[in-house]
Each structure stands twice: as C-alpha cells, then as structure tokens.
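Reader: I would like to go through the labels used for this model one by one. For each, please give the value, the cut-off and the conclusion.

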Amino acid sequence: MHKIAIISGSVRTGRQSHYVAEYFNNYIKENKLADSEILDLMEYNFPIFDERLSKMPSPPEQLLSFSKKIQDANIVIIVYPEYNGGYSASIKNAIDLLYNEWHHKPIGLVSVSSGNFGGVNATSLLQTVLVKIKALPVATFPVPNVQDNFGENGKAMNKEASDKRASSFMKELLWFADSVNKMK
Ligand SMILES: Cc1cc2nc3c(=O)[nH]c(=O)nc-3n(C[C@H](O)[C@H](O)[C@H](O)COP(=O)(O)O)c2cc1C
C-alpha cells in the first residue's frame, strides 16, 4: 500500500486551500488508493527558517516527526495557495527545513486560487524549487475559483467533475510511485 502525505500549505486565518487538502484525503480513502494523512502546516507552526534540520544540534520533536512522515511517504501532495503570483512562504519554509527527505519523491502539485487561473504562476515557481532539490513534481491539479468549488470538510461542490480530474492526477502519481519503487 502506498503512503501519501498531503501537505496543507496555507496557514492563513480563514484559509480555503485546506478544504482542497481535505478533499484529496477523502478521495484517496474513499477509493482505497493508499494510506493518506494531512500534514497541516498551521498545526506544525514552524518558525521562520533559521537552519536545516540536519544541522540543528537539538531539533524540535515536531520537526523530527514531519521529517519522518515525508521520508516514509512514497508520494507527497502539496496543496498551496497562490499569493501574489507565488506560493505561500510556509511551503518554502517547510521545504528548506529538510533535504534528503525530498530526493526522488514523486510530488503532486495542487495550486489553489480564488481567481480564474488556478495558481499556475505559483506552480511554475514551485516546480523549479522542487527540481533543484531532486524531487519529482510529476502531476498538477490547479484549482481556480476555490470558493465556488470546495467547502468545509473537503466537500466538492461538483463532486463528479472534481473526482474525474482527481482520478487522472492520482493515476499519474501512483504510476510514478510504482516506477520509483521498482528502481530501488
Ligand atoms: C496575500 C494574498 C495574495 C493573493 N494573491 C493572489 C494571486 O496572485 N492570484 C490569485 O488568483 N489569488 C490570489 N489570492 C487569493 C487566494 O488565492 C485565495 O485566498 C485562495 O482562497 C487561496 O488562499 P487561502 O488558502 O489563503 O484561502 C491572494 C490572497 C492573499 C491573502
């Protein structure tokens, strides 16, 4: 069984991206695709980066736990809002804290925006960062007009349409995860 970590990357009061993270967690469970879990950056509440985990003399417990969950996952889905044409600072903060954990990890990119373009600018910036740390950003799922499409507890307003898109996104991620496993 694959293990999927879903990083919920908006820590804003009143955030809507979190609904999309919940939608994916529900979708994966409903369809028995993998073991999945949301890693909520609002709960982790990491301080602004001042050093990598590997260089910290006594890293905090919650950071060690985050590192282990990313290490153990064979797919990571990152859900992030588009802010001013980029992705949220909390996502960059979390990426920079770790290093080896990201290597050869298939990553699904779920960008969330209240506008019409679904956060495509944020995605291209994040892809560049992930490739630099040897992760594999292999599938994208842009969410435009999130306020019209997802609500509390991950409820999709048009479940059939969202599930159809989620199905091809997940198929791609699972294919890469299987391929990476075979190479090990
Ligand atoms: C500081 C800030 C900047 C934003 N910039 C953009 C943007 O460049 N493009 C866009 O489509 N939406 C933008 N939005 C709207 C967010 O995409 C929207 O709030 C969406 O719900 C995802 O963010 P959330 O998880 O914080 O709710 C911005 C929102 C904030 C708070």
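This is a predicted model: local features need pLDDT of at least 70, side-chain atom pairs count only at pLDDT 80 or more; totals for chains, interfaces and linings use all residues.

Reader: How many salt bridges does the structure hold, and why is the pair of glutamate 30 and lysine 159 called one?

Author: There are six salt bridges. For glutamate 30 and lysine 159, the N to O distance between the side chains is 2.9 Å. The definition asks for a side-chain nitrogen of Lys or Arg within 4 Å of a carboxyl oxygen of Asp or Glu, so this pair meets it. In general, side chains of opposite charge can pair when their charged atoms come close.

Reader: What parts of the chain does the pair of glutamate 30 and lysine 159 link?

Author: The pair links distant parts: glutamate 30 is in helix H1 (residues 17-30) and lysine 159 is in helix H7 (residues 159-183), 129 residues apart.

Reader: Why are glutamate 30 and lysine 159 called partly exposed?

Author: The label covers values between 20% and 50% relative accessible area. Glutamate 30 has 48% and is therefore partly exposed. Lysine 159 has 38%, so the label is again partly exposed.

Reader: Which residue in helix H7 lies four residues from lysine 159, and what makes that pair a salt bridge?

Author: Aspartate 163 does, about one turn of the helix away. The closest N and O atoms of aspartate 163 and lysine 159 are 2.8 Å apart, and the limit is 4 Å, so the pair counts. Aspartate 163 has 18% relative accessibility, which is under 20%, and is therefore buried.

Reader: What joins Glu30, Lys159 and Asp163 into one network?

Author: Salt bridges that share partners join Glu30, Lys159 and Asp163.

Reader: How do you know that glutamate 37 and lysine 69 form a salt bridge?

Author: Their closest N and O atoms are 2.8 Å apart, within the 4 Å cut-off, so the pair qualifies. Glutamate 37 lies in strand S2 (residues 35-40) and lysine 69 in helix H3 (residues 61-72), 32 residues apart. Glutamate 37, at 35%, is partly exposed, and lysine 69, at 28%, is partly exposed as well.

Reader: Why is arginine 15 called buried?

Author: Arginine 15 has 12% relative accessibility, and buried means under 20%, so the label applies. Arginine 15 sits in the loop between strand S1 (3-8) and H1. Leaving out residues up to four places away in sequence, it touches Ser8, Ser10, Asp40 and Met42. The side chain of arginine 15 also reaches the backbone oxygen of serine 10 at 2.9 Å.

Reader: What makes histidine 104 exposed, although it touches other residues?

Author: Histidine 104 has 51% relative accessibility, and exposed means over 50%, so the label holds. Contacts are judged by another rule, heavy atoms within 4.5 Å. By that rule histidine 104 touches Lys134, Ala135, Leu136 and Val180, with residues up to four places away in sequence not counted. The place of histidine 104 is the loop between H4 and strand S5 (106-112).

Reader: Why is valine 131 called exposed?

Author: Valine 131, found in helix H5, has a relative accessible area of 52%, which is over 50%, so valine 131 is exposed.

Conventions
Residues are numbered from 1 along each chain as its sequence is written. Side-chain values use heavy atoms; hydrogens and water are left out. Helices (H or I, at least four residues) and strands (E, at least two) are DSSP runs, numbered from the N terminus. Buried means under 20% relative accessible area, exposed over 50%, partly exposed in between (1.4 Å probe, protein chains only). A polar contact is a pair of N or O atoms within 3.5 Å; within protein, one must be able to donate a hydrogen and the other to accept it, and residues adjacent in sequence count only if both atoms are side-chain atoms.
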